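Reader: I am new to this structure and would like to learn how to read it. Please take me through it one feature at a time.

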Amino acid sequence: MADVNDTAFRPGTFLLVGIPGLEKFHLWISLPFFSMYIFALLGNLVLLFTIVREQSLHKPMYLFLSALTVADLLLSTTTVPRMLAIFWFRVRDISFGACLAQVFLVHFIFAAESAILVAMAFDRYVAICNPLRYVTLLTHSVIWRIELAAVVRGVCIILPMVFLLLRLSYCTNRVIPHSYCEHMAVARLACTSIKVNVVYGLTLALLTAGMDVVFIAVSYGLILRAVFQLPSAGARRKAMSTCGSHLCIIFLFYTPAFFSFFTHRFGGHSIPRHVHILLACLYVVVPPMLNPIIYGVNNKQICETVMSMFAHLQSTLSPTAGKAS
């Protein structure tokens, strides 16, 4: 009897459906996801390598960008390979422990990335509104502490979510109507009340991501006020260009995340499930793919560094070509 109860409490495996209602289109859906994942990997790896290698890019803005790049790589790699395994090979089963690990990683990376975006907004605020103190305020040691604080905060607020899932008693239904393990998708399989999970998840979203958005909005309100007071039109354009890239990333990050979060809790009947799950899948691959493009294309220093790196690589791989000419 004890074994039965233990099995009910901790199931051996769950089954991930993929995108419910669109199973017959999984192969076609996988093609753009695979392409976006490859672009995300290549773009973020090139951007990260460029920042690490080039000494002139070891500035606060680029160090925060490198942390964002690492978070993007982890987010897409944590979810997309499993999604492709479902789409291509119908490998739908995932162990209970692996599912909880994926829940932790997905939500932890979101919390850490949200904190990094706040740090990037603060970086732009100091650079534009208080440029004389920029170097003294944002030293390398301060940057490392900010990034460490983002990691510690993510662990502290997401780890209880895993224990809340562990305390639930699960029924015979092991099918998760999703492409990856997400907190509420797993919690809804429980036989017991999930009220604590719902309240904790909602409180977490409002007190962390919600407050992060408020801090970012306040920072950019002050930034815009300072920008419009600049005497030079060229300086205003340069400041707006840099801030515009960051605002694009913020929009790409928070909009689908909040849409998926609130839809999963309050809009389940008004929005078709396959639309919700498809948008949740796009969230883990589209921002990681676009972030390097947005920052790379709009940043002259990064573009020039990448081009010089590729030119140096080409000359290294073909030294005889230069001699022949």
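Author: Start with burial: a residue counts as buried when its relative accessible area is under 20%, as exposed when that area is over 50%, and as partly exposed in between. The model is a predicted one. S219 has a relative accessibility of 13%, so S219 is buried.

Reader: Where does S219 lie, and which residues does S219 touch?

Author: S219 is part of helix 8 (residues 195-227). Leaving out residues up to four places away in sequence, S219 touches A121 and Y125.

Reader: How much of the protein is buried?

Author: Of the 325 residues in the protein, 46% are buried. The secondary structure comes to 13 helices and three strands. Along the principal axes, the C-alpha atoms fill a box of roughly 75 × 55 × 35 Å.

Reader: What is the confidence of the prediction, and where is the pLDDT below 50?

Author: The average pLDDT of the protein is 88, and 93% of the residues score at least 70. The pLDDT is below 50 over residues 1-8, a stretch that has three contacts in the model beyond near neighbours in sequence.

Reader: How do I read a pair of aromatic rings?

Author: Two values describe such a pair: the distance of the centres and the angle of the planes. Rings pair here if their centres lie within 6.5 Å, and plane angles under 30 degrees count as stacked, over 60 as edge-to-face and the rest as tilted. By this rule there are 12 aromatic pairs. In one of them, the ring centres of F34 and W88 are 5.4 Å apart and the planes stand at 55°, so this pair is tilted.

Reader: Which parts of the chain does the pair of F34 and W88 tie together?

Author: F34 belongs to helix 2 (residues 26-53) and W88 to helix 3 (residues 60-89), so the pair ties together parts that are 54 residues apart in sequence. F34 is partly exposed, at a relative accessible area of 35%. W88 is also partly exposed, with a relative accessibility of 35%.

Reader: Which residues do ring pairs link into a cluster?

Author: The cluster consists of F110, F253, Y254, F258 and Y283.

Reader: What is there to read in the largest nonpolar core?

Author: Look at its residue count and at the residues with the most contacts inside it. This core has 93 residues, and those with the most contacts inside it are F14, F33, L117, Y170, I176 and V186. Helix 4 (residues 96-129) gives the most to the core, with 18 residues. Setting aside residues up to four places away in sequence, F33 touches V80, M83, L84, F87, L278, C281, L282 and V285.

Reader: What does UniProt list as "transmembrane region"?

Author: The unreviewed UniProt entry lists residues 25-49, 61-88, 94-122, 142-166, 198-223, 244-263 and 275-297 under that name. In the model, residues 61-88 are 100% helix and 0% strand, with the end C-alpha atoms 39 Å apart. Residues 275-297 are 91% helix and 0% strand, and their end C-alpha atoms are 31 Å apart.

Reader: What about the loops?

Author: Take R90, in the loop between helix 3 and strand 2 (93-95). R90 has a positive phi of about 55° although it is not a glycine. Its relative accessible area is 67%, so R90 is exposed. Another case is C171, in the loop between helix 6 and strand 3 (175-176). C171 is partly exposed, at 25% relative accessibility. Apart from neighbours within four places in sequence, C171 is in contact with L189, A190 and C191. C171 and L189 are 18 residues apart along the chain, and their C-alpha atoms are separated by 6.8 Å.

Terms used:
Residues are numbered from 1 along each chain as its sequence is written. This is a predicted model: local features need pLDDT of at least 70, side-chain atom pairs count only at pLDDT 80 or more; totals for chains, interfaces and linings use all residues. Side-chain values use heavy atoms; hydrogens and water are left out. Rings of Phe, Tyr and Trp (its six-membered ring) pair if their centres lie within 6.5 Å; planes under 30 degrees apart count as stacked, over 60 as edge-to-face and the rest as tilted. Helices (H or I, at least four residues) and strands (E, at least two) are DSSP runs, numbered from the N terminus. Buried means under 20% relative accessible area, exposed over 50%, partly exposed in between (1.4 Å probe, protein chains only). A nonpolar core is a set of buried Ala, Val, Leu, Ile, Met, Phe, Trp, Tyr and Cys residues joined through side-chain atoms within 4.5 Å. Contact means heavy atoms within 4.5 Å. pLDDT is the predictor's confidence in each residue, from 0 to 100. UniProt positions are given in the numbering used here, feature names are shortened, and annotations may be inferred rather than shown by experiment.
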